[in-house]
Amino acid sequence: MRINKYIASCGIASRRKAEELILENRVKVNGKVINELSLKIDEKKDKVEVDGNIIGLEEELVYIMLNKPEGYVTTVKDQFDRKSVVDLVKDVKVRVYPIGRLDYETSGLLLLTNDGDLTYKLTHPKHEVDKTYVATVKGIPNKSEIENFEKGLYIEDYKTSPAKIKIVKKNIEKNYAVCEIKIHEGRNRQVRKMCKAINHPVMNLRRKAMGKIILRDVEIGKYRHLTKDEVEYLKKLK
């Protein structure tokens, strides 16, 4: 098995992140630091360490839906020592990691798992999984702004892919709108940057769905395990 796939299968990180760990000289095989991404190992005989800790294949795969509160980071460790989403699932017996990210101020649906292959699949750019958000924005977008949003916007050094935005509530007196937004990209703070680009900055943002996986019946800060049908649906995504 290739070393990056092995690390992912152990639930340590996605394959992409595993490659970063290797290139940062944080991985040892049989006591020696390795930096060859194509290295193949014998998972039964070779001893693999990440950051000095011996790792092994996870026997039980776990899939969790978390209703993330605002004020939590989706990284396992944070340089500013802020609260992490993994603190909300401490009673889960195996180590799980977020699939993708939600920024510090954003709440809602976050999936966590120790299935590295699924994490790789759902976070790789070639797999276009729609993510649905509910955004409260300043002002009320007009027809022209909505069209620009849906066609794609130039942000920093890239143009966003086509997206969808629908106004579901207007408050003219207080000058804000509640919008449902669908994107399939996952760039850093993308929804917030897109709304700002049409001059309607986000006041509140919540993710409510990834594909057909919809956040429901989970209180903020709580989680549940995905059903068998939900896991099968995620694994069948292309």
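**Briefing: strands, helices and salt bridges in a predicted model**

In β3, Glu49 is the bridge partner of Lys28. That pair belongs to the antiparallel pairing of strand β1 (residues 27-29) with strand β3 (residues 48-50), which covers 3 bridges. The model is predicted, so local features need pLDDT of at least 70 and side-chain atom pairs count only at pLDDT 80 or more, while totals for chains, interfaces and linings use all residues. Residues are numbered from 1 along each chain as its sequence is written, and side-chain values use heavy atoms, with hydrogens and water left out. Helices (H or I, at least four residues) and strands (E, at least two) are DSSP runs numbered from the N terminus, and two strands pair if DSSP finds at least two bridges between them.

**The open sheet**

- An open sheet is formed by 4 strands in the order β2-β1-β3-β4, with antiparallel pairing.
- The edges are β2 (32-33) and β4 (53-54); each has a single partner strand, so one side of each is left without a neighbour in the sheet.
- Strands of a sheet pair through backbone hydrogen bonds, either parallel or antiparallel.

- In strand β5 (residues 63-68), 6 of its 6 residues are buried, where buried means under 20% relative accessible area, exposed means over 50% and partly exposed lies in between (1.4 Å probe, protein chains only).
- Both faces of β5 are covered, with Tyr63, Met65 and Asn67 buried on one side and Ile64, Leu66 and Lys68 buried on the other.
- β5 pairs with strand β7 (residues 107-113) in the antiparallel sense over 6 bridges, and Lys68 stands opposite Gly108 in β7.
- β5 also runs antiparallel to strand β15 (residues 223-225), joined by 3 bridges; the bridge partner of Ile64 in β15 is His225.

- β8 is mostly covered, with 7 of its 8 residues buried.
- β8 and β12 run antiparallel and are joined by 8 bridges, with Ala177 in β12 as the bridge partner of Val137.
- The pairing of β8 with β13 is antiparallel over 7 bridges, and Lys131 stands opposite Met210 in β13.
- Helix α5 (residues 190-197) has as its buried residues Gln190, Val191, Arg192, Met194 and Cys195.
- These buried residues of α5 pack against β8 (131-138), α4 (143-151), β9 (154-155), β10 (158-159), β12 (176-183) and β13 (202-210).
- Asn199 follows α5 and has a positive phi, near 70°.

**Packing of α3 and α6**

- Two packed helices are described by the angle between their axes and the distance between the axes.
- The axes of helix α3 (residues 116-123) and helix α6 (residues 228-236) come within 9 Å and cross at roughly 60°; axes are lines fitted to C-alpha atoms, for helices over the stretch in contact, with angles from 0 to 180 degrees between N-to-C directions.
- That makes α3 oblique to α6, given that angles under 35 degrees count as roughly parallel, over 145 as roughly antiparallel, 65 to 115 as roughly perpendicular and the rest as oblique.
- The crossing of α3 and α6 is left-handed, a term for a near helix turned anticlockwise from the far one by less than a right angle, with clockwise being right-handed.
- Leu118, Lys121 and Leu122 of α3 make the contact with Leu234, Lys235 and Lys236 of α6, contact meaning heavy atoms within 4.5 Å.

**Salt bridges**

- The count comes to 12 salt bridges, each a side-chain nitrogen of Lys or Arg within 4 Å of a carboxyl oxygen of Asp or Glu.
- Lys17 and Glu20 meet in a salt bridge at 3.4 Å, N to O. They are 3 residues apart in helix α2 (residues 15-23), and so are separated by about one helical turn. Lys17 is partly exposed at 36% relative accessible area, and Glu20 is partly exposed at 37%.
- Lys90 and Asp87 form a salt bridge at 4.0 Å, N to O. Lys90 is exposed, with a relative accessible area of 65%, whereas Asp87 is partly exposed at 35%.
- Glu185 and Arg187 form a salt bridge, with the closest N and O atoms 3.9 Å apart. Glu185 is buried at 15% relative accessible area, and Arg187 is partly exposed at 41%.
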